[in-house]
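User: I would like to go through the terms used for this structure and the values behind them. Please set each value against its definition.

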Amino acid sequence: MPQKGFFTDTTICIGCKACEVACKEWNQLPDDGFVFSGLSYDNTVELGASTWRHVAFIERPVALGNQETALGNFSWLMMSDVCKHCTRAGCLESCPTGAIVRTEFDSVFVQPDVCNGCGYCVVSCPFGVIDRRADDGLAWKCTLCYDRLKDDLEPACAKACPTDSIKFGDLIELRLMAEKRVEELHERGLTEAYLYGADPATQPGTEGLNAFFLLVDKPEVYNLPSDPVAPAKRSGAAWASLAVAGVGLVAAAVAAIWSDDESSGS
Amino acid sequence: MAECHPVGFRWAMEAKARGATLIHVDPRFTRTSAVADIHVPIRVGSDIVFLGGIVRYILENERYFHDYVVNYTNAPVIISPEFRDTEDLDGLFSGWNQDEHRYDQSSWRYSDEPADPTLQHPRSVFQILKRHYSRYTPAMVEDACGVPERLFLRVAETLCHNSGRDRTSAFCYAVGWTQHTVGAQYIRTASIIQLLLGNIGRPGGGILALRGHASIQGSTDIPTLFNLLPGYLPMPTAGVDVSLKAYLDAHTAGSGWWSELPKYAVSLLKAYFGEAANANNDFCFDHLPFINGNHSHMSTVADMADGKLKGYFVLGENPVVGSMNGRLQVEGLRRLDWLVVRDLALIETADFWRDAPEKFPTEVFFFPAAAHTEKDGSFTNTQRLLQWHHQAIDPPGDCRSDLDFILDLGRRLKALYASSTEAKDRPIQQVTWDYTNAESVLAEINGFGVTDRRPISRFTELKDDGTTACGCWIYCGSFADNKNQPARRKPGHEQHWVAPEWGWSWPNNRRILYNRASADTKGRPWSERKKYVWWNPDAKTWEGYDTPDFILDRPPDYRPSEDAKNLERISGIDPFIMNVDGKGWIFAPTGLLDGPLPTHYEPLESAIENPLYKQQLNPALLEWRRRDNPYHRPFDDPRFPYVLTTYRLTEHHTAGGMSRWLSWLAELQPEMFCEVSPELAEEKGLRNGGWATITTARAQIEARVLVTPRMPALRVGRRTIHQIGLPYHWGSKGLVRGDSANDLIAFVADPNVSIQESKALTGNIEPGRRRS
C-alpha cells in the first residue's frame with residue numbers, strides 16, 4: 001500500500017471552511033461552541049478534539065508577491081491546518097496503551113476503544129494537534145478518514161475543497177507536484193513560496209510530514225512551529241542517561257536477588 | 001465571488017492557474033481579493049463612474065474592437081436629432097416629465113438616416129457615447145470612487161490588453177451589484193464595455209450573474225416575478241391587454257426573434273388549460289392573472305402594511321430577515337388574515353408572532369419542507385445550464401417537497417371548486433393538473449404535440465394554432481426524445497471542451513448566447529485560439545463546438561430586402577437576434593426607464609454630492625415615502641455621517657434559514673458583527689471584539705466589532721469616507737441569534753426591476769450595545 005497524505009497549497013485556499021464542515025459532518029463531531037473570537041474570520045481558533053480541520057485567517061501588513069491593492073502592504077493568508085501524520089509521530093511514540101497505531105496508509109490513527117485517556121499524546125504532539133474531549137476523556141484527532149480510505153474514497157476535507165487547495169494522494173506524487181508548484185510560483189514572482197514538512201531533510205525533528213504545506217511566510221505566522229521535534233527524538237540525551245540509570249537499577253536488583261538467594265541458601 | 005459562490009469560484013481559480021489575471025473591485029478586501037491579482041477598493045454606489053471611466057479609456061485610446069463594434073453593435077446608428085444627453089441637461093436625458101415621474105422616450109429613437117460605419121457622425125451612438133463619458137476621467141474616478149488613478153489605469157489597461165481577436169475577458173458579479181437605485185444600469189455599463197471590447201458571444205467572455213440561491217435563474221425563466229410569464233413573455237396588464245389579439249399585437253416584434261411570440265404564448269395557454277383552450281375562446285387567455293401596477297416585493301409588503309392583502313405564501317424565503325426594513329415587513333405580516341410559510345426550520349417569518357408585545361389576528365401555517373437531497377428536481381445556473389438532482393433519501397417526518405405541497409393544494413382546490421358554476425372559478429376547474437412527479441412537470445415545460453403527446457425537441461416546432469403545448473418555450477428540448485436531458489452526466493473528459501452532454505442549457509442546449517458573434521462578418525472565427533462557431537460555405541450551414549445561435553442556413557452575406565418581415569429581417573451579420581435590429585445595444589433606445597446610457601447618480605442616501613451632475617439621484621427611482629419608511633438627507637446628513645454596505649459571508653446562507661440552525665455552520669460565524677477600519681475604530685472608540693450600535697432612521701441594531709484593514713477608509717475628493725461592513729444573516733431565532741442588518745435599510749428601488757438599494761446607504765455607529 002503506497003503512503004497516503006495531504007498536500008495543502010495555501011496559495012489557492014479561499015477560506016471557505018468547507019473542509020472544516022465536511023470533516024465535522026463525516027466524522028459527526030460536535031461544535032466548539034458559538035463564540036465570536038474577533039480573530040479575523042476565524043471563530044474555531046484551533047485544532048482540537050472536535051475540530052480536525054481548521055482554517056487559519058492571517059491579516060498581515062505585508063504585500064503578497066505581485067498582488068496589487070490600494071491597501072498597500074497588506075495581504076490575507078488562509079491556511080487549512082490538519083494533523084500532520086508525522087513520520088516520527090510524537091503522539092504514537094508516547095502512547096502507553098498502543099491505542100495510537102500506524103495504518104496501512106501510513107497515517108497515524110487513534111483507536112478509541114483502546115485509548116484510556118491518559119493524555120500523554122496531548123503533550124507529545126509538537127503541533128498541538130491531538131486533544132482530549134471533555135465528555136469521554138479520550139484523545140481525538142484527524143483519522144485521515146480511515147473509514148473512507150478503506151472504501152477507496154478520498155478524505156472528506158479534500159473531497160469538499162472547491163479549489164483543490166487540499167490535495168490527497170500518494171505521498172511520492174504529492175511531493176513531486178508540490179515541488180513543481182513552488183517552482184511555478186517562484187517564476188510568477190511569488191518567491192516566498194516554500195514547502196513546510198515535505199521531507200526529512202527540511203524537517204528532521206519529525207522526519208517529514210505526511211500532511212505537508214505550501215506556505216508563503218514563516219511557519220510561526222501560521223501558528224506552526226519552525227522546528228517541530230517529536231519529544232522522543234529531542235530527548236535522545238535524556239534517553240541515554242535514563243538508560244545508564246536503568247542499567248544501574250537492574251544491577252542493584254540483580255545484586256539484591258543474588259543476595260536473597262544467598263541468604264535463602266544459607 | 002469566493003465569499004458568495006466558493007464552488008463556482010473554483011473555475012475562476014482554475015483560470016488563474018492557467019494564467020488569467022483576476023481583478024476584484026469591492027469596497028472590502030474579501031476572500032476573493034485575497035487570491036486576486038488586483039484588488040480595487042471602491043466607494044459604494046460609485047461603480048458607473050469607475051466603469052464609465054473604462055468606457056472613456058477604451059474610446060480615447062482607440063482600444064475598441066473595431067470590426068466587432070462597427071458590424072455587431074449599434075455604435076454606427078444615428079440617433080434622433082431631438083435627443084439630448086445628460087451632458088446637455090446636467091444629469092437628465094431629454095423627455096423627463098417631472099409630474100409623471102417618468103421619461104417620454106420618443107427622443108431616444110433611432111433616426112431614419114443611414115448608419116455611419118465611419119463612426120464620425122456627431123449623432124452616431126459612438127460619438128454620443130464619447131461625449132457622454134468625456135468627463136469620466138481617471139482623475140474623476142479617483143475623486144468619486146476613491147480609487148487611485150494609477151490603480152484604475154492598471155485595471156483599464158489589463159482589460160483592454162486581454163480583449164480582442166485572440167483574447168477575451170469576462171465580468172462576474174454577485175447580485176449585490178444589482179442592489180442599487182441604478183442597479184440595472186451598472187450591468188448595462190459592463191455590457192457596453194464588453195460590446196466595445198468584443199467580449200460578448202465569445203468563449204471566455206460575457207457577463208456572468210452569479211445568482212443568490214441555487215436556481216434563481218430558473219425562477220426568472222419559469223418566473224416567480226410578478227410581471228412575467230414563463231420564457232420572458234410579459235404578464236398581461238388589466239385594461240390594456242384586453243384580448244389575446246390585443247396582447248399579441250402589443251408584444252410581438254416586427255423583426256428579430258420576438259416576432260415569434262404568438263407561437264410561444266398560445267402554446268403556453270395550451271399547456272395551462274389543455275383541451276379547454278381553443279381558438280374560439282382565445283385559448284383561455286382571460287384565465288390568466290392580469291396585473292394593474294407594480295406588484296413586486298416591496299410594493300406588496302407596503303400594501304400588506306396598509307391592510308390591502310388578506311393572505312401570503314412564503315416558500316423558501318425569510319423576508320423578515322432577508323428583506324429591507326424588517327419592522328415594516330413584520331408590520332405587514334401582522335395585518336394579514338393568514339400566512340403560509342414553508343421552510344426547513346421555524347424561521348423568523350414563521351415565528352415572528354411569538355415574541356410580539358400585543359396580539360394580532362394573523363393565522364400562521366407552518367409546513368416543514370424537504371431539502372434538495374430529499375426530492376427530485378432541477379437547478380438552472382447562471383449559464384442557463386439545467387442540472388437534475390435525484391432524490392437520495394426520503395424527507396424526515398412530515399417534511400414534504402414544495403412540489404408535493406403545490407400538487408396537493410391544486411388537487412384540493414380543484415375538488416373544492418368542482419361543482420361551482422361561477423365564471424371566476426373556471427381557471428381552477430380548467431387548469432391541467434395531471435402531474436405525477438418532477439419529471440412530468442419538466443415534460444410539460446418542454447412541450448408536446450397536442451394530438452400525439454410527442455415531446456417537442458426545438459422551439460421552432462411550436463405553433464400558434466393550438467396544436468402544440470409548451471410550458472416555457474426556451475426550455476423546449478429539455479425533454480427531447482422523452483428523455484430527461486438535464487440528468488445527463490457524461491464526464492467532461494469523455495467529450496470535447498464545451499461538454500454539451502453535461503446537463504442541458506436553454507435555448508437548444510446552447511452554452512454561449514449570441515455565439516454568431518464569435519465569428520467575423522464572413523463567418524470565420526476571429527482567431528484560431530477563440531474559434532467557437534463558424535459558417536461552413538461547403539455545407540452552407542453554421543457549425544462549431546456549440547449549437548450556433550443563428551438561423552442555421554443563413555449565410556453571412558445575406559442582407560434582407562426592404563419588405564422583408566419577421567425572421568427574414570435578420571441579416572447575416574446580426575448576431576443579437578433577440579433585438580429587433582440584431583445588434584448589440586450600446587445605446588438602448590427603449591427598454592430602460594432611467595435612460596438610454598448609464599449615468600452616475602448617487603445612492604438615495606450618500607455621503608457626498610454628485611460630483612458629475614446637478615441631478616443627485618436617479619430621477620426615475622422608486623420611492624416609498626411613508627412614515628414607517630423614513631429617508632435620510634441625500635448627502636451630508638449630520639446624523640448619519642458614515643456609509644453602510646451589506647453582504648453575505650461564505651459560512652451562512654442569505655437570511656440564515658439553511659445555516660443558523662446547523663451547528664457546523666453556525667459555529668463558524670456565531671454572532672452578528674460589523675467590520676470597521678482601524679481609523680474609524682480610533683475615531684469612535686470601537687474595540688475589536690466589543691460591541692457597537694449602528695443606527696439609521698429605520699432601526700437601531702447592535703453588532704460585535706471586527707476592526708480590520710480590510711475595510712479601508714477611502715480618500716474621496718478632499719474627504720475621508722468611512723464605510724462600515726454589515727453581514728446580514730442573523731435574526732431572532734436559530735442556534736445563533738443577532739440583529740438583522742436589513743432592518744436598517746429603507747424601501748427604495750431601481751425603477752427597471754424594483755430591486756432594493758441595500759448595498760449603499762448612510763448610518764451612524766457608536767460603541768456599546770443598543771439601549772432597547
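Analyst: Chain B of this predicted model averages a pLDDT of 96, where pLDDT is the predictor's confidence in each residue, from 0 to 100. In chain B, 100% of the residues score at least 70. The model as a whole has ipTM 0.93 and pTM 0.94. Local features need pLDDT of at least 70, side-chain atom pairs count only at pLDDT 80 or more, and totals for chains, interfaces and linings use all residues. Residues are numbered from 1 along each chain as its sequence is written, with chains lettered from A and ligands numbered from 1 in the order in which they are written.

User: What makes residues of chain B count as in contact with chain A, and how many are there?

Analyst: Two residues are in contact if their C-beta atoms, placed from the backbone, lie within 7 Å. By that criterion 42 residues of chain B are in contact with 30 residues of chain A. Elements supplying at least two residues each to this side of chain B include helix 1 (9–17), helix 7 (149–161) and strand 23 (700–707). Helices (H or I, at least four residues) and strands (E, at least two) are DSSP runs, numbered from the N terminus. The side of chain B that touches chain A has 25 nonpolar, 8 polar and 9 charged residues; Ala, Val, Leu, Ile, Met, Phe, Trp, Tyr, Cys and Pro count as nonpolar, Asp, Glu, Lys and Arg as charged, and the others, Gly among them, as polar.

User: Why are strand 3 of chain A and strand 2 of chain B called paired?

Analyst: Pairing requires that DSSP finds at least two bridges between the strands. Strand 3 (residues 68–69) of chain A and strand 2 of chain B are joined by 2 bridges, so they pair. The two strands run parallel, and Thr69(A) stands opposite His39(B).

User: Why is helix 3 of chain B called roughly antiparallel to helix 6 of chain B?

Analyst: Helix 3 (residues 47–60) of chain B packs against helix 6 of chain B at an angle of about 170°, with the axes 9 Å apart. Axes are lines fitted to C-alpha atoms, for helices over the stretch in contact, and angles run from 0 to 180 degrees between N-to-C directions. Angles under 35 degrees count as roughly parallel, over 145 as roughly antiparallel, 65 to 115 as roughly perpendicular and the rest as oblique. The angle therefore makes the two helices roughly antiparallel. Among the residues making the contact are Phe50(B) of helix 3 and Met140(B) of helix 6. By class, the contact has 7 nonpolar, 1 polar and no charged residues.
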